[in-house]
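Please open the model in your viewer and keep the selection tool at hand.

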Amino acid sequence: MKKYDDIVVGSGISGLTMALILGMNGRKVLLLEKSSRIGGSVSRFYKRGIPFDTGFHFTGGLDQSGILHDILSVLGIRDFIQPIFLSEDKAHCFFFESENRLYEIPYGIENIKKKFKGYFPGEGSNIDRYFDKVRHVCARTPSMDLRVLGASLQHHLEEDFLSLEEVLNGLTGNAVLRALLSGFAMCYGVMPKEISFANHSRMSLNLYESVARIKDGGDALIRAFEAKFKNCDIEIQCNKYIANLEDIQNKRVGRFI
Ligand SMILES: Cc1cc2nc3c(=O)[nH]c(=O)nc-3n(C[C@H](O)[C@H](O)[C@H](O)COP(=O)(O)OP(=O)(O)OC[C@H]3O[C@@H](n4cnc5c(N)ncnc54)[C@H](O)[C@@H]3O)c2cc1C
């Protein structure tokens with residue numbers, strides 16, 4: 001029986017990050033993955049030589065002031081990846097069949113506001129209020145700024161208890177504008193009535209500020225983690241999963257099978 005300081009279960013981006021943080025802090029880590037390779041949803045698959053990304057197509061936060069830039073820098077893997085920023089004036093396009101109309105969304109909050117105000121004349125102050133509210137939530141969420149992490153504890157905000165739908169309904173009667181402002185729901189996969197305005201804001205702010213792909217997609221991230229693991233005491237075992245936890249005392253697991 002081998003001994004480890006920590007066992008990380010699952011090697012998606014969360015497990016890879018956790019294992020590396022522990023390893024960088026001198027811990028002996030076992031990373032267990034039930035499938036045949038590491039990476040979880042960020043890994044690519046190939047069909048006839050063509051790469052397909054399943055769960056990692058684009059991201060926000062890779063610009064110099066972005067949260068992902070900071071996270072990857074702390075992990076020492078920022079230089080392993082090559083961001084490819086999307087076109088600033090046309091990062092996303094939303095097509096509304098009911099209107100037979102295409103809406104192009106740039107990035108950069110001021111650019112988005114300008115574009116939206118052009119699409120929806122008369123909604124200018126509501127558009128400003130929406131982005132003020134998003135920024136206000138993020139400014140009061142300490143975990144969104146690694147440079148002040150630990151400075152104050154995370155606490156719930158009033159907006160954690162309001163749904164995105166409630167906030168948008170209170171903001172504007174224009175259904176198309178409301179739909180566009182909920183557009184990044186595609187990134188967290190639930191309806192506006194099912195997500196808090198606070199979590200919507202935390203997810204969306206960095207995507208409003210910049211949008212990038214990464215050269216070689218999620219595989220580039222996985223390779224970067226693998227390279228950093230070599231400098232740490234991290235063992236990876238694939239095709240392995242925890243079947244049972246035993247000898248549990250005071251919420252601590254004594255053994256696992
Ligand atoms: C279709 C789709 C598109 C997406 N597009 C984007 C995008 O463009 N940009 C973006 O930033 N995010 C995107 N996401 C979200 C992103 O992919 C996920 O948030 C992220 O990959 C989740 O990582 P994770 O480590 O939490 O979980 P996962 O990637 O699911 O990893 C969990 C791992 O744990 C393993 N596991 C589970 N149970 C066990 C067990 N008992 N024992 C051992 N191993 C176990 C699994 O095999 C898996 O490898 C997308 C998601 C989806 C589904």
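Begin by selecting Met-144, which touches Ile-67, Cys-138 and Arg-202, not counting residues up to four places away in sequence; two residues are in contact if their C-beta atoms, placed from the backbone, lie within 7 Å. The model is predicted, local features need pLDDT of at least 70, side-chain atom pairs count only at pLDDT 80 or more, and totals for chains, interfaces and linings use all residues. Residues are numbered from 1 along each chain as its sequence is written.

Met-144 is found in the loop between helix 4 (124-139) and helix 5 (164-171); helices are DSSP runs of H or I with at least four residues, numbered from the N terminus.

Next, select the ligand. It is surrounded by 22 residues, the closest being Gly-10, Gly-12, Gly-40, Ser-41 and Gly-55; a residue counts if its C-beta atom, placed from the backbone, lies within 6 Å. Helix 1 (residues 13-24) gives the most to this shell, with three residues.

Now select Ala-19, which touches Val-8, Val-29, Leu-31 and Ile-234, not counting residues up to four places away in sequence.

Finally, colour the chain by its domain assignment: domain 1 (6-57 + 216-256) and domain 2 (87-210), with bounds from an automatic or database assignment. Their centres, taken over C-alpha atoms, are separated by 32 Å.

Technical notes. Helix = DSSP H or I, 4+ residues; strand = E, 2+ residues; numbered from the N terminus.
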